[in-house]
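Welcome, and please take a moment to look over the structure shown here. A short tour follows, one topic at a time.

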Amino acid sequence: MQQSIIETRTGDAPAGEAVVELVDLRKSYGTGPSAVQILDGVNFEVRRGEFVCVVGPSGSGKTTLLKCIAGLLKPSGGRTDFEGQEVTEPPAKLAVVFQDYSRSLLPWMTVRANIALPLRNKFPKQERQARIDEALESVGLAGKGHLYPWQMSGGMQQRAAIARGLAYQPDVLLMDEPFAAVDAQTRIDLEDLVLEVRDRYDTTVLFVTHDIDEAVYLADRVIVLSGAPTTVSHNITVDLPHPRHQVDTKREPRFAELRAFVFEQIQAAKSNTVRNRADA
Amino acid sequence: MNRALPLLRTAALRLWLPVLLAIVWWYASAGSQNIYFPPLSTILETFAADWLGSRAATDLVPSLGKFVLGFLISAAGGIALGTWLGLSPAAREAAEPVVQFLRSLPPPVLLPIGLLLFGITGTMNVAIIVMGAIWPTVLNTADGIRSLDGQVADMSRSYRLTFAQRLFSVALPNAAPQVFAGLRTTLQLSIILIVVSEMVAAASGVGYYVLNSQQTFAVAQTWAGTLVLGLIGYLSTLVFLAVEKRVLNWQHGMRRAAEGA
Ligand SMILES: Nc1ncnc2c1ncn2[C@@H]1O[C@H](COP(=O)(O)OP(=O)(O)OP(=O)(O)O)[C@@H](O)[C@H]1O
Ligand SMILES: [Mg+2]
């Protein structure tokens, strides 16, 4: 019944070219009889300029999915394409912001040096400095580049990690539960920050989260994964107006509707997982 | 003034016991007729005459030179070899038993072989240091290189860092705390080995001086030489710790921040 209110896209092609495309992506860990199938034929695409959120129960393989897209893991079947090319190694125009900021910034370098490191092989020095300054400024860390990560709060560290991704100027920014480890208020600030910088840098974003509010608030489209072995259970267009606003957007009836729908799908996926596990 | 006070305090805290011991020694040994325990004043006179005088150039400088050279070769070689073993699982598989065997040898055992190969030469002293002292640095560096966090490795790959960047900006700094722990043991072994090798096989040097003076009953010289060796060990450790503090500054800061939080 809800299907009629919520448009779940399967066939209709949206505008813009696909920058990321997953074709029947499969991934299992281990070999032989102990092999566990995690991704079991995942299909979706991300179009240029889109903000796509991936939600799914814990352990459904969101991180695995993201690593396959980033070229960090080799799929066991199917493939992922980046800008029309099959991914076999990490693509140059793609950057990842990892979940655990405390392990992703290098503690022996200042924030500035951390951001500069991936830029060294890409841009001349002058341009590098300008990019770093701009990235720091756009995440609200102007003048803080001389600090070491451990001299910063968790929220600041995650901002720094985002700044590193932005300065790299990727076509696509992958983010794996980037705000899972920060407090609620910081999280809200960072959500708006990400929306802001994606407009400013005109980046395509693929954002993994387990927070349904966050997914609906941020996304142009929400991909709901089923429980493991995982497939795409729903592909939902979020037809909320831009720019988003923490109070106004979340007050809209449409927001509540979408939120409830995604929530139900995830609950259903979870109980499916439990059933699958019990069967196995 | 404000900054000098705490400094004075630390100095006082650290110095009172050695100073007290020296004073006790000075008075207890004053006028001593015991041939094995000459007065401290005599020892210090000998110390000044020998080690601040002629022997500084003929024995101290060569000993120090060989010690420092042996340590530096062990350090550089140990880091290089350890890095290689840390990076290459195949190399590690192959080298592991050999490395474990070599490092299990009590270092002085290397003396006869060193003598056979190099004779009584400065090269022999340095070679003994390297063969005996390199292993802790090799093993610790290999461990440190291998201990790289999976997410940091992912980050390095996804940002397409070059091999040189991964090595010098990621893997080696990550291993640095362990490398320094290894270097510290290497330093201690280096001192032991320069002394032992000079005692057994050398015609000059501080180690030779100490053993030779003992065998000729020049007791004050034996004491003075021992004092020199103690000072070399102590001062080299101080220098080492100062370097470590500089290089691992980030780690100390991180630890302080974690404790503060
Ligand atoms: N290297 C690995 N070897 C074996 N199993 C793994 C490996 N990495 C992940 N898994 C398993 O694959 C499943 C999916 O893991 P993944 O981290 O992708 O899930 P996730 O959706 O990101 O979970 P979370 O929401 O907790 O982050 C889990 O059951 C996990 O135990
Ligand atoms: Mg995950």
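## The largest cavity

How do the residues of the lining of the largest cavity divide into nonpolar, polar and charged? This is a predicted model, and in it the lining of that cavity has eight nonpolar residues, two polar ones and one charged one. The cavity holds about 70 Å³ of space, and the count of cavities of 30 Å³ or more comes to one.

You can find the lining in chain B, where it consists of B:Ser63, B:Leu64, B:Phe67, B:Ile191, B:Ile194, B:Val195, B:Glu198, B:Val206, B:Gly207, B:Leu229 and B:Ile232. Helix 2, helix 7, helix 8 (206-215) and helix 9 of chain B each bring at least two residues to this lining. Helix 7 of chain B gives the largest share, with four residues.

## The largest pocket

Now turn to the largest pocket, with a volume of about 390 Å³. It is lined by 19 residues, and those closest to its centre are B:Leu64, B:Phe67, B:Ile232, B:Leu235 and B:Ser236.

By class, the lining of the pocket counts 18 nonpolar residues and one polar residue, with no charged ones.

## The build of chain B

With these helices in mind, step back to chain B as a whole. Chain B has 10 helices and zero strands, so to speak an α-α-α-α-α-α-α-α-α-α run when read from the N terminus. The C-alpha trace of chain B spans about 75 × 60 × 25 Å along its principal axes.

## Where chain A meets chain B

How many residues does each chain bring to the contact? Chain A gives 27 residues and chain B gives 20. Together the two chains bury an area of about 2,300 Å², and carbon and sulfur atoms give 59% of it. Three residues, A:Arg103, A:Trp108 and A:Trp150, supply 31% of the area that chain A buries against chain B, which is more than any other three residues.

A:Arg103 also takes part in a salt bridge, where its side chain meets that of B:Asp149 at 2.7 Å, N to O. The count of salt bridges between chain A and chain B is three. On the side of chain A that touches chain B, strand 6 (94-97), helix 3 (101-104) and helix 6 (154-167) each supply at least two residues. Strand 6 of chain A gives the most, with three residues. Sorted by class, that side of chain A has 17 nonpolar, four polar and six charged residues.

## Salt bridges and a link within chain A

Side chains of opposite charge can pair when their charged atoms come close. Over all chains, the structure holds 29 salt bridges. One to look for joins the side chains of A:Arg48 and A:Glu83, at 3.3 Å, N to O.

Why does this pair tie together parts that are 35 residues apart in sequence? A:Arg48 lies in the loop between strand 2 (36-47) and strand 3 (51-55) of chain A, while A:Glu83 lies in the loop between strand 4 (77-82) and strand 5 (85-86) of chain A, so the pair links those two parts.

## Two backbone details in chain A

A cis peptide bond joins A:His242 and A:Pro243, with omega at about -10 degrees. A:Pro243 sits in the loop between strand 10 (232-237) and helix 9 (248-251) of chain A.

The other spot is A:Asp24, which has a positive phi of about 50 degrees although it is not a glycine. To find A:Asp24, look in strand 1 (residues 18-29) of chain A.

Methods. Residues numbered from 1 in each chain as written. Chains lettered and ligands numbered in written order. Predicted model: local features only at pLDDT ≥ 70, side-chain atom pairs only at ≥ 80, totals over all residues. Heavy atoms only, no water. 1 Å grid on protein atoms, 1.4 Å probe; cavity = no way out; pocket = protein on both sides within 12 Å on 5 of 7 lines; lining within 4 Å. Points joined across faces, edges and corners; volume = space filled by probe spheres on them. Nonpolar A, V, L, I, M, F, W, Y, C, P; charged D, E, K, R; others polar. Contact = heavy atoms within 4.5 Å. Buried area = accessible area lost by both parts, 1.4 Å probe. Salt bridge = Lys/Arg side-chain N within 4 Å of Asp/Glu carboxyl O.
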